[in-house]
Amino acid sequence: MSSAEIAESSVDPPAKKRKLDSLPISSDMANNGASGSSTRPAQDIDEGLYSRQLYVLGHDAMRRMASSDVLISGLGGLGVEVAKNVILGGVKSVTLHDEAVCTVADLSSQFYLTEADVGKNRAEVCCKQLSELNTYVPTKAYTGSLTPDFLCKFRVVVLTSSSLAEQMQISETTHANNIALIVADTRGIFAQVFCDFGESFTVVDINGEPTVSAMIADVSNDKEGIVTCIDDTRHGMEDGDYVTFSEVQGMTELNNCKPIKIKVLGPYTFSIGDTSGYSKYERGGIASQVKMPKTLSFKSLKESTKSPEFLITDFAKFEHPQQLHLAFTALHKYVEKHGTVPKPWNTEDAAEFLTMAKSLAVDGGNDNEVNINLLETFAKVCAGDLNPINATIGGVVAQEVMKACSGKFHPIYQWLYFDAIECLPAEAGEITEESAAPKGTRYDGQIAVFGSEFQKKLGSLKYFVVGAGAIGCELLKNFAMMGVGAEGGQITVTDMDLIEKSNLNRQFLFRPHDVQRPKSGTAAKVIKKMNPHVNIVAHENRVGPETENIYDDTFFESLDGVANALDNVDARIYMDRRCVYYRKPLLESGTLGTKGNTQVVVPFLTESYSSSQDPPEKSIPICTLKNFPNAIEHTLQWARDNFEGLFKQSAENASQYLTDPEFLERTIKLPGVQPVEVLESIKIALVDDRPKKFEHCVVWARNHWEEQYSNQIKQLLFNFPPDQLTSTGQLFWSGPKRCPEPLEFDVNETLHLDYIFAAANLKAEVYGIPQNRDRASVAEMVQNVTVPKFVPKSGVKIAVTDSQMAMTNGSNVDLDRVSQLKDELPSVSELGSLTLTPLEFEKDDDTNLHMDFIVAASNLRAANYKIPPADRHKSKLIAGKIIPAIATTTSVVGGLVCLELYKLARSLKSLDPFKNGFVNLALPFFGFSEPIAAPKLEYCEKEWTLWDRFEVDGEMTLSEFLEYFKEKHGLEITMLSQGVCMLYSFFMAKAKAQERLGLPMSEIVKRVSKKKLESHVRALVFELCCNDVDGNDVEVPYVKYNLP
């Protein structure tokens, strides 16, 4: 299929709004980091490109990386993965070194080489494509030898295909000159990583977690001073953490003190050492965690080889690192002697390798018994070259490069060994030397491990990849290298999104010229170039009930499996349910910064993705947002709610009023106080606050500023003065309640004008009034606005808790107020051609003023409550609910998913070989566990799991259906539903039940749901509540009711 055909094979996408160039933004917003100009000093970080990664590493680490030169030696499958991730990460420069030429076998996993490149130098061939990944990182090829003088130009040196002698020689130079050295090697399903970052390497942040802080309730005057935190939330600190203090009254010696090491006594208490000489604690204060640097001393390669320290990657294989350390050393010895590695699955070569390994173990004084099976397997597959292993280790190594450059996160100390022996068949004789011998094809590296029959099986697979973002790009590249769907099979990929600039930092199949093109079609064309044999079809559809006519029974029944690459839980749950219904395997994965997880869902064996769910996110109480914020997260959420209310919700309501004649009628029927709230918002939008020209927008913005940051605060302090006491004699403004101060508007205060400038322009955009982006002009207009004087009112009730607020809101509709508002609204004809455009919040467009409004609104409120402000970068993370992301984790997760695909392709009937993975590259931590088996339930002494169901062939009447279950299964149906529709229940009105009993099941569904059955629907799903013959409630599977 040509690239043109790929695009044409797409199912028509829903209409998408392509972004148009907005007006240029004013360049003097208060440190919001937005600039309309693309020219930037070299040391500046392009936040548009690196935004998601910046939230993982931070500006300081990124700046240190941007001053580090990196050398990557060996551009095979592993080298290209490392180079790709390091270049995307944004170091100062990358030099690609290789003295080897490309062979057909390299095509197994080197995705930037083609058949036309065979015989050319690998570094020179792939340099162009690697350099296109990131224009900020100069990338060049070098084919000379690695002399000490040449090596001294670099901060980090990575070796991926060097002999032991070369490793030792280079190690002497790097260790002596404080150059970080990383040695990495992959052999079939085995991998090795070694790190030496010098004798004194400082880690500035060992885990990358955000620092925590806690509000203080008390500090004792003692030899062992105990800090007690307010009991709203746990302090979240650990033994050995360091803290400093601020805002403490009384014991002021603690404020801004040097970091103090703490001992945790409980979830709300910790001790800080001798406080007996300090003043008596009175009230207030915040304890803030401080990250302390850690210095590590690394041994040289020579020393560390003799006395290695291992990072365990799989605790079920605790003895493997020691064995694999021996195996890799023996392999170097074998290659030294024979000039090549043992032949795939050759018994004689494996026996000689084992003999060498045993003698090395004796010479090295190794007390551990040699694991003959493991080392024999190593010898038989070490000629192999697997893309998923390279992707996994390439991500790990690239993260180590970033650690060496930046000091951010804890390095591997010092050896990491990894294997995926579960991917091999349990029966040793299944793969013969003949089937694993090179065939002269691009898949020889994979055939060397699994044999040629298995390769055909991979080629015939039909897989559905849902999502072509970061994980989607990695999966598609891995599938192409593995040959999935390349021999009679097919990959179908769907993604409804267009490419954005911020995607380019980790969605490596896309380039700057692809921005605003569809992700799926673009990705498909690129992987078709990587492996022309891959059969791929790209769609631009959202997966959901609305596309079940496309992804129907025929589509799903033809699949061998589904790989999710989604960014939201709802879509994941939907796809999981589809896979359970069609009994298809699901490969699930996700990332959050340096953390990643993979889950494999195997029909009839494992639980499904939906079987377990994360706890819901903790929400901020409304009263805290409205009147008592104490953290920047509260003011940002408040600002975001403000944006939605001012520029979206009220405009939407007014717009519906103008265009939908039945809108009023529907609104009046809404429950509680909603009718009043909606009608008031329409009246405000169309009458009270309707601007006719831009100057009116400035007047509105100035008055709104006064209301939010001065009047409301004055009213709050009128109700609750600063010295107010509670009924228990405590100060009202204490603990989590920070006493606010009203602000006084000053046009010369940049933040004050930021708010007016953004709010007025957004208001103008809603009403279709031409914007004015001239800051000086807006400043002049705002000085001419007369603001009414505010006097606090008596009798205004302010709720202190959410329950009080719920009571004051009440549930009764004020009908008089509703009819009064109806009368006050102008008729649609009176408003003429007025149209309002609700604004959809878009965080990544620096020209639309959305984030400018959020930052200004939040920081002004923070100033009210003396909360430290947040810059634009941090505000965007919190208000935009951005998920931090980095290419290294995506690469690791993509590789681990594809290792599970190897196992699924074998149609294994046991859970044992499968692994769910959990990684955190910052620590670094790797954990693998067997998937949880599908829980077993029982009815009438019959066992069942979520994979089981009743299959019933229709048509039947309801009466026949009920009788069928009684006769066939001994079950009395008490309730029967389809989706949200109740079709039958024992408590149903007799006449209604009687009427339905004689109707066919499909007819009842049509009548109750008031929808016709779509032509693609071949079966209905019914949920049952049943009693057994003894009248006991029993849980039973669902029913798949096949339509005739």
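Arginine 1018 is partly exposed, with 40% relative accessible area (partly exposed sits between buried, under 20%, and exposed, over 50%, using a 1.4 Å probe and protein chains only). Its side chain meets that of aspartate 553 in a salt bridge, at 3.7 Å from N to O (a salt bridge is a side-chain nitrogen of Lys or Arg within 4 Å of a carboxyl oxygen of Asp or Glu). This pair ties together distant parts of the chain, 465 residues apart: aspartate 553 is in helix 18 (residues 553-557), while arginine 1018 is in the loop between helix 34 (1001-1009) and strand 31. Helices (H or I, at least four residues) and strands (E, at least two) are DSSP runs, numbered from the N terminus.

Keep in mind that this is a predicted model, where local features need pLDDT of at least 70 and side-chain atom pairs count only at pLDDT 80 or more, while totals for chains, interfaces and linings use all residues. Residues are numbered from 1 along each chain as its sequence is written, and side-chain values use heavy atoms, with hydrogens and water left out.

**Salt bridges**
- The structure holds 54 salt bridges.
- Aspartate 553, at 9% relative accessibility, counts as buried.
- Arginine 702 pairs up with glutamate 706, their closest N and O atoms being 2.7 Å apart.
- These two sit four residues apart in helix 24 (residues 694-719), so about one helical turn separates them.
- Both arginine 702 and glutamate 706 are buried.
- Lysine 120 and aspartate 117 also meet in a salt bridge, at 3.7 Å from N to O.
- In that pair, lysine 120 is partly exposed at 42%, whereas aspartate 117 is buried at 11%.

**A charge without a partner**
- Aspartate 1028 lies in the loop between strand 31 (1019-1027) and strand 32 (1033-1034).
- Aspartate 1028 is buried yet has no salt bridge, and lysine 942, the nearest side chain of opposite charge, is 12 Å away (Lys and Arg count as positive, Asp and Glu as negative; His and the chain ends are not counted).

- Seven strands form an open sheet in the order 11-10-14-8-9-13-12, with antiparallel pairing (two strands pair if DSSP finds at least two bridges between them).
- At the edges are strand 11 (260-261) and strand 12 (263-266), each pairing on one side only.
- Strand 8 (residues 213-219) and strand 9 (residues 226-229) run antiparallel, joined by three bridges.
- Valine 219 has valine 227 in strand 9 as its bridge partner.
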